[in-house]
Amino acid sequence: MAFSYGPMLEAMCYVVIYLNYGGLFSDRVKSGRYNPLSLILDSLLKGSLSDIVADATEMSLQIYPEPKSEGEGGNKFFRNGSRKSIVFAIIIMVLIEGEDATLGGVLALIQDREALLKHAQWAAGTLKQTNGMTAQLPIFGTEWATSGQHTPDEIARFADHLAGMGASLAKLMEAPDSRTFDSFIEGTIGEMADFNITSRAHQITQSSDLRFSQLKTSQRPMAVFMMGDTSRPDANRKNIEIATSNMFKEIMRETDGRRNVYVLANEVTNFLINRIAT
């Protein structure tokens, strides 16, 4: 479809962007780049801190969705535990890495148990230093906190909630019996495997030269093609699902409605987009 319609749309003065998750035909099309964590960074830099945890939670549900029926697993305890580690790691990576935060980096942090524990303790303010003191992740003096975008009360509430998330995770990880945490983390790693830093998709998700909201605001009409490798559908699935989920969020949140947006869903209808019936 991309090769059938892309050149035609370009001839009609459309801005055409290809998100080539499978890396196919890279000699014929140059892939754009879209980092799903840009959506989280929006709230930190120009939105509301109240939305960071909410959007990270939505993202964790897209990454690790509920089963389609109770028969596929009615006990939510372990899935919720896995999602909590995803939410925490997403927020920590965005706070520390900013625009360089990626889902591949989130997975790498979760896979490194020692690093994850240190970040949980750092967020909670219990990370022991060599001098016997404890350290806490700086919040109030950071560039984003002093930009004037967020009120002091909003920053304080966010800092308290993050510290609580870190303390809860650290307590679980430091428990004498680690079987509960082991179950949580194995579920997390399994569901996030597609985002690993060796994947082709990681190469185009490390930064964003596209925001889906531009489909509504661009001076010139735009078309975005998401391309996967049909011989490796499961390897591309999670990346395309989360990009599609973000696409709908960005389009719905953009208040400038100068253009209508039309979605032509082909193979993506075989994928799961959380809360959207396909």
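This is a predicted model: local features need pLDDT of at least 70, side-chain atom pairs count only at pLDDT 80 or more; totals for chains, interfaces and linings use all residues.
Residues are numbered from 1 along each chain as its sequence is written, and side-chain values use heavy atoms, with hydrogens and water left out. Local features need pLDDT of at least 70 and side-chain atom pairs count only at pLDDT 80 or more, whereas totals for chains, interfaces and linings use all residues.

Rings of Phe, Tyr and Trp (its six-membered ring) were paired if their centres lie within 6.5 Å; planes under 30 degrees apart count as stacked, over 60 as edge-to-face and the rest as tilted. This rule gives seven aromatic pairs. One of them, Tyr18 with Phe225, is stacked, at 5.6 Å centre to centre and 15° between the planes. Tyr18 belongs to strand β1 (residues 15-20) and Phe225 to strand β4 (residues 222-227), so the pair ties together parts that are 207 residues apart in sequence. Strands (E, at least two residues) are DSSP runs, numbered from the N terminus. Tyr18 is buried, at 7% relative accessible area, and Phe225 is buried at 11%; buried means under 20% relative accessible area, exposed over 50% and partly exposed in between (1.4 Å probe, protein chains only).

The pair Phe77 and Phe78 is edge-to-face, because the ring centres are 5.1 Å apart and the planes lie at 80°. Phe77 is partly exposed at 46% relative accessibility, as is Phe78 at 38%. Phe77, Phe78 and Phe184 make up one aromatic cluster.

Charges over rings were assigned where NZ of Lys or CZ of Arg is within 6 Å of the ring centre and within 35 degrees of the ring normal. The charged end of Arg28 sits over the ring of Phe3, 4.1 Å from the ring centre. Arg83 lies over the face of Tyr64, at 5.5 Å from the centre of that ring.

Conventions:
Helices (H or I, at least four residues) and strands (E, at least two) are DSSP runs, numbered from the N terminus.
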